[in-house]
Amino acid sequence: MFESTRSIIIWLGDCAKTTPLGLAGVQPYCKLGRHLIKTSLQVLRLQRETDKVMVKRQRTAFPPNFVHSLDGSHMMMIANACKEAGLSFAAMKNPNSTLLRSKWSPIAIPHRTILEPQGQDLDYINIAHNHLLHSDWAKLDKLLTKSNSLRVKHILLKLQNDYVISLKFFKWIELHNPSLLTLETNSIILDILTKNRKFVSAESFLKKIIGSCSCDVNHHSKLFDVVIHSYQMCDSTPRVFDALFKMYAQMK
């Protein structure tokens, strides 16, 4: 999307900074000015902030501050989810819960707190979703150049209660830009089909996913993690795991 670090900084600088929690981000970087205080004994020269903004510092400081705001928001969402789950204490080193899964019993809290799309991503998803509901493929064609994997994923999540439109949209992306289809989006369409008892179509997708990297052990491990993740996002059915195990048994 960007060709250099400088272009990223400029792009972020043009964005409004609102955290996923809905809080406005403020960067109080203002130029310093001299303030003289005259007394009977001496003149004190003090520095204090003025109303003039430090433009350069505002731009250069925004990217790291933006990332920290996302990280802080995610941690707060995890803390709230832990409280709702009855956990009185939680300690995490990374956002993927590696320590939690390796040393304690697995919990789904980090995955349930995935940040929702904001700003232009949210606008794009809502517009594309509306076009899909009205089968306006001509307008969708014009949006294709601005599509990305995140947007495709959330469009599928919005469509998950209608397997017909979901499948049409998935195949449309597969035809026009298959690079946008990740392991996660494949798993989401698998959940959608399984929830709607379209087992033949679901098994066809599974066979293609598994067969694409049949010799890669890491791929199979990642596939299982992704299926668990999408199962939670889609509030899916255990039948998706039945289909997964059945397919591996047949291929073996």
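How much space lies in the largest cavity? About 40 Å³. The model is a predicted one, and it holds 1 cavity of 30 Å³ or more.

Rolling a probe the size of a water molecule over the atoms shows where empty space is left. The largest cavity is lined by Y124, A128, L140, L143, L144, S147, I155, F169, W172 and I173. The largest share, 3 residues, comes from α8. Now sort the lining by class.

Next, turn to the strands. β1 covers residues 30-38, and β2 covers residues 43-53. They pair in the antiparallel sense, over 8 bridges. Between them lie 4 residues, and the two strands form a hairpin. To see the pairing, find R34. Opposite R34 stands Q47 in β2. In a regular strand the side chains alternate between the two faces of the sheet.

Finish with helix α9, residues 183-195. It has 13 residues. From the first C-alpha to the last, α9 reaches 18 Å, close to the 18 Å expected at 1.5 Å a residue. Is α9 mostly covered or mostly exposed? Mostly covered: 12 of its 13 residues are buried. A residue counts as buried when its relative accessible area is under 20%. Among the buried residues are L183, I188, I189, L190, I192 and L193. E184 and D191 are buried too. After α9 comes R197, with a positive phi near 60°.

Note on methods. Residues are numbered from 1 along each chain as its sequence is written. This is a predicted model: local features need pLDDT of at least 70, side-chain atom pairs count only at pLDDT 80 or more; totals for chains, interfaces and linings use all residues. Side-chain values use heavy atoms; hydrogens and water are left out. On a 1 Å grid over the protein atoms alone, a cavity is a set of points where a 1.4 Å probe fits but cannot get out, and a pocket is an open set with protein on both sides within 12 Å along at least five of seven lines; lining residues have an atom within 4 Å of a point. Grid points are joined across faces, edges and corners, and a volume is the space filled by probe spheres set on the points. Two strands pair if DSSP finds at least two bridges between them. The expected span of a helix is 1.5 Å times one less than its number of residues. Buried means under 20% relative accessible area, exposed over 50%, partly exposed in between (1.4 Å probe, protein chains only).
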